Amino acid sequence: MRLRVAATALACAVLAACAPITPRVSGTLRGPAPVWAFERSDLPVEPEYRFGRLDNGLRYVIRRNATPRGTALVRLDIAAGSLDEAESERGYAHFVEHMAFNGSTRVPEGEMVRVLERSGLAFGADTNASTSFQATTYKLDLPTADPALLDTALMLMRETAGELTFAPAAVERERGVVLSEMRDRNTYALKNALDQARFAHPRALYPERFPIGSAETVSAASADALKAFWSREYVPSASTVIVIGDFDPDVVETAIRTRFADWQPGPVENQPGGGPVETRGDPRTGIHIDPALSERVSVSRHGRWLDEPDTAANRREDVLRQIGYSIVNRRLERLSRLPEPPFRDAGFGTGAVFKAGRTTSLVVDSVDRKWRAGLVAAAIELRRALKHGFTRAEVAEQVAVICTSVTNAAASAGTRGNGMLAGAVMALLRDDVVPTAPAGAMARFEAMIPQITPAAVLAALKREAVPLRNPLIRFQGRHPPQGGSAALRQAWNEAMAKPVGKASMQTAPGFAYAAFGEPGSVVADVREPQLGIRTLRFANGVRLNLKHTELETGSALVQVNIDGGDMLATPDNPLATQMVRMLSSGGLGKHSEDELQTILAGRTVAFALGSAPDTFFASARTTPADLELQMQVLAALVTDPGYRPEGELRYRLDVNNFFLRKDATPGSALSSEGGRILSGGDPRFSLQDVDAYRKLTFARLKADISDRLARGAIEVAVVGDIDEDEVIAQVSRTFGALPAREVDFRAYVEQRRRPFTSQRTRHIVRHKGPADQAIIQLVWPTRDDADPHETAGLDLLERVVRIELTEALRENLGKAYSPAASSAPSRSWTGYGTFAIAASIDVRDLAATRAAILETVAALRTSLVSDDMIQRARQPLLEGFENALKSNSSWMSLVDRAQSEPDRIGRYLTGKARLSALTANDIKALAVRWLDPAAAVEIYVLPESVVSPALPEPAPARRSDR
């Protein structure tokens with residue numbers, strides 16, 4: 001079984017210590033507040049945005065945009081979140097968000113989602129909402145820029161804003177869903193976040209107002225109380241409507257005014273601050289222990305909030321600071337990559353705590369029981385940077401990174417997606433960040449480059465970072481630190497007392513992989529007639545597929561597929577490809593990973609290899625200017641991986657953490673055991689003993705995969721803003737110049753046989769999370785992906801089951817927050833596929849949920865679903881076909897294997913007609929064929945302390961097992 005583990009992200013480590021944070025560019029306004037924050041900034045607003053305000057106080061933002069063409073998004077942002085709740089209202093903001101989908105003046109309970117599904121919006125994917133500390137946002141992604149659909153969307157937003165009914169029966173039903181969500185989120189991670197917030201800010205409001213609320217107040221919430229909160233907080237002057245998409249702005253503005261002008265204004269209550277933040281509190285030490293937590297020490301200090309409105313001067317200051325933080329973190333990262341690193345990861349940063357203060361933190365992730373060495377090493381490195389400053393080379397590296405970022409942003413400005421443009425509006429609403437044009441940002445940065453000196457960077461960093469004198473120190477992990485709080489403080493004091501010299505910096509060499517041999521010649525060149533995909537083959541057997549698009553200016557996607565992948569795994573050697581993803585940590589033969597990071601600074605280049613069921617693959621997003629370098633990097637990774645020991649070490653650290661938390665939640669426990677159960681214990685699909693993973697080495701990996709890397713068929717695909725002839729020349733000099741390879745991908749007939757268990761008895765999986773959490777999953781064997789008609793039918797059946805389950809479990813019973821259905825006919829494993837139904841529930845509801853699932857399945861097998869149900873399930877899929885080729889990533893799904901799997905193109909071209917032809921009779925026939933209750937594997941994920949429930953045993957299977 002492929003073990004999925006990931007190291008702690010550096011940025012997350014820093015931000016977690018400061019959470020919740022808001023950007024520094026957010027200022028307290030003096031005098032009457034302007035309608036928009038940019039009215040008091042010297043930064044020019046990007047002119048394509050249209051800003052307006054109705055007489056009742058509602059604001060709106062409109063922007064015409066054609067990426068993706070013919071689509072749009074609509075947002076309703078209410079500046080009211082969990083901070084607006086009274087003590088007795090904890091969780092009300094989130095509860096009200098749920099009630100927006102449960103009845104209003106014009107839309108009966110349960111109809112809102114159905115209206116949207118009929119128009120092609122899938123619940124969850126295109127129809128959603130979120131609640132934070134400070135705001136609630138309702139989100140609709142429109143698959144078509146149809147004026148009638150826009151009117152429907154704005155009507156629904158208007159209903160949410162001022163017409164919700166809060167029927168007591170609807171409140172009671174939704175209460176169960178909200179409590180289910182609360183139960184599902186009650187994990188070690190949430191408990192740790194709460195403890196961290198209360199330790200960092202013991203007198204602040206926000207730790208007691210996490211948006212999920214409390215079970216007591218949610219359970220006691222009445223319809224009248226929820227309506228009172230909604231009426232108080234949902235007022236026009238606290239609301240903003242955002243429409244971004246392929247519409248005439250005049251039409252949109254008229255529609256907004258028509259829908260929202262009659263919303264009566266109401267008084268606006270000032271939102272309480274999230275603080276207070278103690279800037280002069282006594283140094284405290286905290287310890288939080290949980291078996292699922294890896295070891296981390298956070299050292300922090302609070303300071304006053306810096307009132308810095310978004311101006312050109314403050315942005316220049318912020319650039320200098322961010323370069324300083326990046327250099328410090330780059331040094332810490334370098335230490336984590338040593339053959340014997342002192343810590344796993346570390347990060348340094350400063351973030352604002354709402355508008356109440358700011359926090360500077362050093363966060364160190366260490367191997368269990370090795371916290372002292374990690375803390376001391378990270379602290380000394382931080383002191384070194386703050387005392388001696390930075391080198392010109394370090395500053396130049398970060399300047400190159402930023403320069404590339406702003407240059408790429410300016411180049412692609414004309415094809416930014418709706419979501420990115422809406423994100424800029426949300427930054428304006430949340431943090432007073434002015435939405436400026438990328439070209440202007442690039443010009444401002446280029447103008448300040450001469451001012452970016454090591455001294456200026458260090459000075460800016462020190463102006464913001466709060467000195468970590470007598471800091472707060474918090475430990476989290478599985479084992480208490482030896483010596484307790486006193487030992488933590490002693491270690492910090494020890495690090496502060498040690499002498500620190502200047503950093504020793506080495507100059508990275510130039511990239512050593514520019515030549516791969518004589519450029520290859522093209523021996524075949526064909527253009528596919530219907531989609532215009534160009535396919536070529538070089539004399540050495542390497543294949544190249546190209547598609548020029550104008551969807552994303554200045555951007556190109558690259559995909560390299562190499563024969564092999566997980567087909568190399570066998571029952572005797574099931575972990576053959578397990579370490580492939582760590583090859584990048586081993587660098588290249590002539591460069592370590594750390595050297596590569598410096599060499600490639602300022603270039604848009606990716607460096608990674610993964611393993612899929614039948615190929616090794618590398619995916620990258622680059623630019624036309626960096627495309628040749630990207631090809632060189634990937635060709636070097638395939639021909640000369642470094643296999644350095646630091647990659648092995650990082651892998652083992654990740655493995656240890658994975659196994660220590662693999663059953664910490666019901667979801668992780670199911671993920672760990674599901675493969676073993678469904679495969680009947682086949683080692684290739686089963687989690688092995690931890691020692692099997694610990695024994696893996698790069699030497700063994702090299703022996704297992706080197707033949708495929710050296711000789712296996714290669715198919716390269718490039719999609720985007722490209723010159724086809726230039727790409728052909730670049731590939732000819734890299735992959736096309738390699739020694740001759742196999743032309744065709746191997747069949748792997750025997751390896752493609754994947755078993756499905758014959759054991760239809762009940763399977764119990766145990767987890768170590770809260771005693772009320774459980775998951776029920778039913779899995780049926782189906783078939784592979786060879787028959788496109790049946791695959792389409794199973795896709796539609798999946799949608800029908802998902803809708804039926806949502807209504808049965810979530811809406812009618814209030815038993816599950818997120819019931820799920822999935823159909824997965826395999827393209828890689830012959831004859832293999834699954835159809836699964838799952839629900840995360842209270843352990844006490846296991847029997848009732850099982851009965852509801854089986855009842856839903858039985859109804860599909862005995863009765864025809866309605867035409868309305870077919871439309872609600874099918875329309876989002878049809879819209880998916882309409883919008884499928886409006887992004888480079890969608891094109892890549894057809895281009896990447898256009899020669900070795902050409903049937904994908906034909907299936908796409910006929911897919912919409914195939915889906916449209918399916919009927920209710922087809923759905924019933926598929927349910928009868930594949931969803932026999934007696935053929936399902938039933939898996940129950942239960943707490944360790946709970947006795948297995950007495951449920952009817954599954955009936956004997958009435959058809960042969962697959």
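Student: Where is the place of Phe-354 in this fold?
Tutor: In this predicted model, Phe-354 sits in the loop that lies between β9 (345–353) and β10 (357–366).
Student: And what about its phi, what value does Phe-354 have?
Tutor: Phi of Phe-354 is near 50°, which is a positive value in a residue other than glycine.
Student: Is Phe-354 buried or exposed?
Tutor: Phe-354 has 4% relative accessibility, and because buried means under 20%, Phe-354 counts as buried.
Student: Which loop holds Phe-166?
Tutor: Phe-166 belongs to the loop between α4 (147–162) and α5 (168–184); although Phe-166 is not a glycine, its phi is positive, at about 55°, and the residue is buried with a relative accessible area of 4%.
Student: Switching to prolines, which peptide bond is cis, with omega near -5°?
Tutor: That is the bond from Thr-67 to Pro-68, and Pro-68 is found in the loop between β2 (59–64) and β3 (72–78).
Student: Which residues make the contact?
Tutor: From α10 they are Val-319, Ile-323, Ser-326, Ile-327, Arg-330 and Arg-331, while α12 brings Glu-394, Val-395, Glu-397, Gln-398, Val-399 and Ile-402; by class, the contact has six nonpolar, two polar and four charged residues.

Note on methods: Residues numbered from 1 in each chain as written. Predicted model: local features only at pLDDT ≥ 70, side-chain atom pairs only at ≥ 80, totals over all residues. Heavy atoms only, no water. Contact = heavy atoms within 4.5 Å. Helix = DSSP H or I, 4+ residues; strand = E, 2+ residues; numbered from the N terminus. Nonpolar A, V, L, I, M, F, W, Y, C, P; charged D, E, K, R; others polar. Buried < 20%, exposed > 50% of the residue type's maximum accessible area, 1.4 Å probe, protein only.
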